[in-house]
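Dear colleague,

Please find the structure below, handed over for your review. My findings follow it.

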Amino acid sequence: MINNLQEFIEARGLGEKDFSEVKKITKKFTCCSAWIDQDQQKISVGWEMGAYGLDTNTKELNYPFKIEDFWTVLDNIEKEVEQIWRDTHGCEDCDIVSKLHGGLHAINPDCKSCEGEGIIL
Ligand SMILES: [Zn+2]
């Protein structure tokens, strides 16, 4: 189990020297540019949803936790961001209105116009 910041950095196994390196690497290696923060009790991870017109979302891991739990949280964030992208970035020909956001188009994977790629808002 991880009980403090030092143990967290070691458990990541990425050779980071301090938390500022953890921040940099987390941002660089997540597709959604996740941010990470910490205090005595916990590690917080989140991502900016500004580009999607949504509020920032945050997940917290209170000590003690397992490193697997941290990776799961990060993984779930990436999946969630991908889902939100799909729900809001379709083109007009996709012809699916987003459940998440009325008026926005969700991506139709079979759409011929955007080939299931959607568009950037
Ligand atoms: Zn389309």
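I begin with Lys66, which lies in the loop between β3 and α3; helices (H or I, at least four residues) and strands (E, at least two) are DSSP runs, numbered from the N terminus. Please note that this is a predicted model: local features need pLDDT of at least 70, side-chain atom pairs count only at pLDDT 80 or more, and totals for chains, interfaces and linings use all residues. Residues are numbered from 1 along each chain as its sequence is written.

Lys66 is exposed, as 12 other C-beta atoms lie within 10 Å. A residue is termed buried if 20 or more other C-beta atoms lie within 10 Å of its own, exposed if 12 or fewer, and partly exposed in between, with C-beta atoms placed from the backbone. Leaving aside residues up to four places away in sequence, Lys66 touches Met1 and Ile2; contact requires C-beta atoms, placed from the backbone, within 7 Å. The C-alpha atoms of Lys66 and Phe8 are 8.9 Å apart, although 58 residues separate the two in sequence.

Helix α3 covers residues 67–88, and its 22 residues should span 32 Å at 1.5 Å a residue, in agreement with the 32 Å between its end C-alpha atoms. The expected span is 1.5 Å times one less than the number of residues. Ile77, Val81, Ile84, Asp87 and Thr88 are the buried residues of α3. They lie on the same side of α3 because they cover an arc of only 130° around the axis, the arc being that of the directions from the helix axis to the C-beta atoms. These buried residues pack against β2 (42–47), β3 (57–62) and β5 (105–106). The face turned away from the buried side carries the exposed residues Glu68, Trp71, Asp75, Lys79, Glu82 and Gln83.

The largest nonpolar core has 11 residues, among them Phe8, Trp47, Ile77, Val81 and Ile84. β2 and α3 each supply at least two residues of this core. Such a core is a set of buried Ala, Val, Leu, Ile, Met, Phe, Trp, Tyr and Cys residues joined through C-beta atoms within 7 Å.

Ile9 is placed in helix α1 (residues 5–12) and counts as partly exposed, with 19 C-beta neighbours inside 10 Å. Not counting residues up to four places away in sequence, Ile9 touches Glu16, Phe19 and Val22.

Finally, the domain assignment gives domain 1 (5–88) and domain 2 (90–121), bounds that come from an automatic or database assignment. Their contact takes four residues from domain 1 and seven residues from domain 2.

With kind regards

Note on methods
Contact = placed C-beta atoms within 7 Å.
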